[in-house]
Amino acid sequence: WSLPNAERYALQHADGRHTYITESNRGEIKNGSILWLATSPDQEAEGLYIGIQSNNLDVKSESLKRLSNLSQDVTFAQEFINRNGLKQIFSIVEEGNDTGEILAHTLKAFMELMEHDFVSWETLSATFIKKIVSYVNMNVMDASVQQLSLSILENMVPSSRVLFELVRKEVTVDRLLTHLQVTNTQLQLKAMALLIALLLAAADAERRDMMDYLRERNIRQFIHKNIIHSSEPLGDEMAHYLYVLQSISLNLHERRMRTPMDPYSQEQRELLQSLRQTAFESESETPASNFSTERRRSLCAKEFRKLGFVNNSNPAQDLYRAPPGLLALDNMVYFSRHTPNAYSRFVLENSSREDKHECPFARSSIQLTLILCEILHVGEPCSETAQAFYPMFFGQDHFFEELFCICIQLVNKTWKEMRATQEDFDKVLQVVREQITRTLSLKPTSLELFKTRVNVLNYSEILKLRQTERLHQEETLAVPVLELRERLKPELLELIRQQRLLRLCEGTLFRKISSRRRQDKLWYCRLSPNHKVLHYGDVEEGVHSPPIESLPEKIPVADMKALLVGKECPHTKEKSSGKQNKDVLELAFSIVYDVEEYCLNFIAPTRYEFCLWTDGLNMLLGKEMTSERTQTDLDVLLSMELKLRLLDLENISIPDTPPPVPKPPSNLNFCYDFSHAEQ
C-alpha cells in the first residue's frame, strides 16, 4: 500500500489473541482469516517501554495494562525483553511505590513475559523475590496481587534448588494455610498450587517433615470440611492438587514397603513377638521359666503357625519379600493394637477351625498390603493430569492403616462365605481385590461408608455381578448367529460412524498443557455441520459450547494429511527430554495438514474423548475407525441387536447346520391348477 515508514506497521490477527504476523508464522494464515494493520511490535515495545516509566499514573497504568495483554505474543515479548523491559518491571516492583491495579498489571505482564522461556527464573534478583514474597505474607493486600505473587512463586520453585530453598524459607506453611482458609476460591487455588509445588520439589526427608507439620496443623480436616464439602463445586485444578496431595501422603509408605525385614533388628523382632503375645496372652501367662528352651521354641512356632505364618520357626522370612516388606508388619501391629478385639477374634476363630479351612492371618495380611499398595498406587510417581482422589482419604487420620483394618476383616468374612481351603487362598484374595476396587469406584465419602458398602458386596453379590457381566459379554457361537452378526455389522458400523461425526460437530473443550506446568488455558474444536471444516480457537473458563462463529481458526478437511497418536505426536516428542508422562501419551493426538505439513496438537480430556476424536478424524481421512471404543460399541450394539432378533428363539437350541432340503418329488401332480377351477 506504499505506506511511508512501512517498518512501523505490522499485520495482526483481528480475532483471538491478536498474534502478530511474522515471516516464521505467515504460512499459518488461513483463508478467511481477518487481519488488521497495527503498530509494529518494535514500535509498540518502544512506546510501552517509555509509557511504563511515565510519572503520569494514568499513562503508566494504561501502558502496563496493554503490556500485560500484548506480552502473550512471542514476537512482542522478544522485542520488549530485548529493550531490557524486564529491568523496568523489576524496578517498579522493587521500588515498591505502586500498589493495587498498577502492581497487578505489572505482575501479570511479568508472568506473561516469563511464560515464553526467553529468560531464566534463576536470573531474578533477591530484592525482587523478597518483594513478591512480602505481597504473599501481607495480611492486607489486593487479592489479585496475592494471586499473581503466588503464581510467580509456584513457577520459581521447580526451576532451581536455590529458588526452592528461598521460597520455602520465606513463605511459611502457616502462611499458605492462612490463604487456604479464605473465601476467595482463586486465591485458595493458587495457595494450594504453591504448596503442592513445594512438596513436589522437596527432597524425601524435607517432604516427610512438611507432611508431618501439615498433619499437626490439621490440614486434612480443613480440606475435608472446607474444600471437598464446601458449597462451591470442586474445579478440575483443585481436584488435581488434592489427588497430588493424596499421592504424596500415600507415597510416604513407600520406604517401609520397599524395606524387607531385618532378622537382626531388635525393634522388628519385638514387633513380631508382640503379634504373638497379643493374640495368645492368656496362654502365655504360664511362666516361661517352667519350660525348657526347646519347649518354649516349639510353643512359639506353634503360635506363629496359628497366626498364619508360612515359616513358623522363623516368621521373619515371610517378610523378606519387598514390596510389601515392613509395611505389612506395620499394618498387622496397627490392627492388633488399635482393634485388639477384632484381632483376637480373627486369630482365635481360625485357630479353632480345621487346619485346611483356617484363614491364615499373617499370609493374608502380607498379600492384602500388597493389593492395597497396587490399588492406591503407593510408590508410583504423580500423574500430571489425574484428578482421581478419594474424598474419604481426607476424612481419616492413618488412612492406609484404617483401610487395612477394614479389609483384613473382609478377607476373613469372604473366606467363610467361600468356604475356602488353603488351596483357594489366591481365589479369595482375588475376590477381595474386586470387592475393594468396586467399592472404591463408588467414591464413598468416609471409611464408615466404605466399610458398610464393601460388606454388603459379599461373595454371592460378586458372583451375580460377574454373571451379569459375562452375559453381557457372551456371544452365542452357533454358526447361523455368527452369520447374522456378520450381516448386521456394516449397518451398525455406519451407525457408529454417524455418532462419531455428530460428536465432532458438537465439539470438545481441550486443555493446554505446557512442558513446565499444568496450564489452565482452554481451547475448543468442532467440525462444521457439512463436515468440510474444523473450527477451533481459545475460550474462557466456564464456556462449554461456544458457537462456531466464535472460533477464529479453521482447517479445511480436504487439507488434512494424516493423524498421529501417542509418541508420534510432535508435542509429546518435545517433552521427551523429561520423564515421559504415560497419561499424556495415552491421550495425545495430532492432525497433520496443509502442504507445509503443519500440526494441530490435542490432548484429550479423557480416553473416551480420545477414541471419539481419533475415530472421527480417521473417517474424515477416509480410513477405518481403529480405537478400542469402536470395538466395544460395536460389540454392545451387536449384542443388543442379536438379543432382540433372537427373542422368539429363547430356550430353543439353534442347530449348527440348517436342516437338509428334501429331494424334489418324482412328479408334481399334487399341485392344484387354479386356472381350471375358474373355468
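Modeller: The structure holds zero disulfides, a disulfide being a pair of cysteine sulfur atoms within 2.5 Å. This is a predicted model, in which local features need pLDDT of at least 70 and side-chain atom pairs count only at pLDDT 80 or more, while totals for chains, interfaces and linings use all residues. Residues are numbered from 1 along each chain as its sequence is written, and side-chain values use heavy atoms, with hydrogens and water left out.

For cysteine 359, the closest cysteine sulfur is that of cysteine 407, at 13 Å, which is too far for a bond. Cysteine 359 is buried, with a relative accessible area of 2% (buried is under 20%, exposed over 50%, partly exposed in between, with a 1.4 Å probe and protein chains only). Cysteine 599 is in no disulfide either, and the nearest cysteine sulfur, in cysteine 569, is 8.1 Å away. Cysteine 599 is partly exposed, at 32% relative accessibility.

Cysteine 407 is also one of the residues that isoleucine 436 touches, along with Leu368, Leu372, Ile375, Leu410, Phe450 and Val454, leaving aside residues up to four places away in sequence; contact here means heavy atoms within 4.5 Å. Ile436 and Phe450 are among the residues with the most contacts inside the largest nonpolar core, which has 148 residues. Such a core is a set of buried Ala, Val, Leu, Ile, Met, Phe, Trp, Tyr and Cys residues joined through side-chain atoms within 4.5 Å. A second, separate core has 37 residues, including Trp523 and Met625.
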